[in-house]
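Biologist: Please take me through this model one feature at a time. I would like the general idea of each, then the case here.

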Amino acid sequence: MGRMRDITGKMLFRGEYLPLSGNLLFLRASPEKALGAFVRREKALMFGVRQRERNCSLRDAFEQLLPVAMEAEKWCFVGTASEWTLALHNDGDDFGNSLSGLGKWGKCDALLIQYLPAGLPSGNPHFPYTDTESRRFEYIPFGGESRFVSVSCHQEKHWDFHEYGEPLPEEDTGRYAERFKRNRLTLEMLEAYAHSFGIEPFKEEFYHDCCLFAEKEDMLIPSEREAFMGSLDAYRTEKTGSKVYSIKMVNGAIEKKRLHVLSRFNHEDFDDL
């Protein structure tokens, strides 16, 4: 825990709202456009969305997102002193950040700055604390190739380093050859990378006091939700010429069933993604 205290003092609100404040996605769009992209995505996934606007500080926004959940239940879009909007949710162990695909729905660039120490609340009652430390920089230009760099450590045993795409001019690529992988992407490097895009992720004054909140509700009953997600998987894979199956145990035997697109569900909203 000493290592965690050393770094959180440099983070947003000194780490008080981790893991939520360590998983920061920025969209190059207004808060209204970012929320609109979220609503379109959820509508395509057959969810309804309740929306509200509130003048409140970023600290108040984090308070309203609590408690941390196993799956995101609440979302918030916050304006900044730049052309970027901060997108937040209350999922405690969303290491890939499920909101990162919103750039495609909003037809805008997305940038992820993630620094999540291990030992944070996960929202999962079976595994209440995370056992993975994750640091990640990801830039997703609309219509272009993504670039990401990450280091992670599971259960304090082994550090992994990964990168994909062409390095950006702002990156300190010499650091990626460091002997110790944990030093290849630091909090200071994440802050510098964000700064090159006009973003000050760990400064409270960078954020405006107007927040757009959203909560979703399922428009399908559980059996319909299972059928819908299965048909979506089939629709996506058949577009690429592959096949998808559902596999489950039935009376001790494995049942393998081909999934077909169900005509009562329309998945064309996903064609351009």
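Modeller: Glutamate 73 lies in the loop between helix 3 (58-65) and strand 3 (74-80). Helices (H or I, at least four residues) and strands (E, at least two) are DSSP runs, numbered from the N terminus. This is a predicted model, in which local features need pLDDT of at least 70, side-chain atom pairs count only at pLDDT 80 or more, and totals for chains, interfaces and linings use all residues. Residues are numbered from 1 along each chain as its sequence is written, and side-chain values use heavy atoms, with hydrogens and water left out.

Biologist: Why does glutamate 73 count as partly exposed?

Modeller: Buried means under 20% relative accessible area, exposed over 50%, partly exposed in between (1.4 Å probe, protein chains only). Glutamate 73 counts as partly exposed because its relative accessibility is 46%.

Biologist: Which residues is glutamate 73 in contact with, leaving aside neighbours within four places in sequence?

Modeller: Contact means heavy atoms within 4.5 Å. For glutamate 73 the partners are Asn90, Ala214, Glu215 and Lys216. Glutamate 217 is 144 residues from glutamate 73 in sequence, with 8.9 Å between their C-alpha atoms.

Biologist: Which residues of helix 2 are buried?

Modeller: In helix 2 (residues 31-44), they are Pro31, Ala34, Leu35, Ala37, Phe38, Arg41, Glu42 and Ala44. Just after helix 2 comes methionine 46, with a positive phi of about 65°.

Biologist: How far can the model be trusted?

Modeller: pLDDT is the predictor's confidence in each residue, from 0 to 100. The protein averages 85, and 82% of the residues score at least 70. Residues 1-5 have pLDDT below 50, and this stretch has 7 contacts beyond near neighbours in sequence.

Terms used. The expected span of a helix is 1.5 Å times one less than its number of residues.
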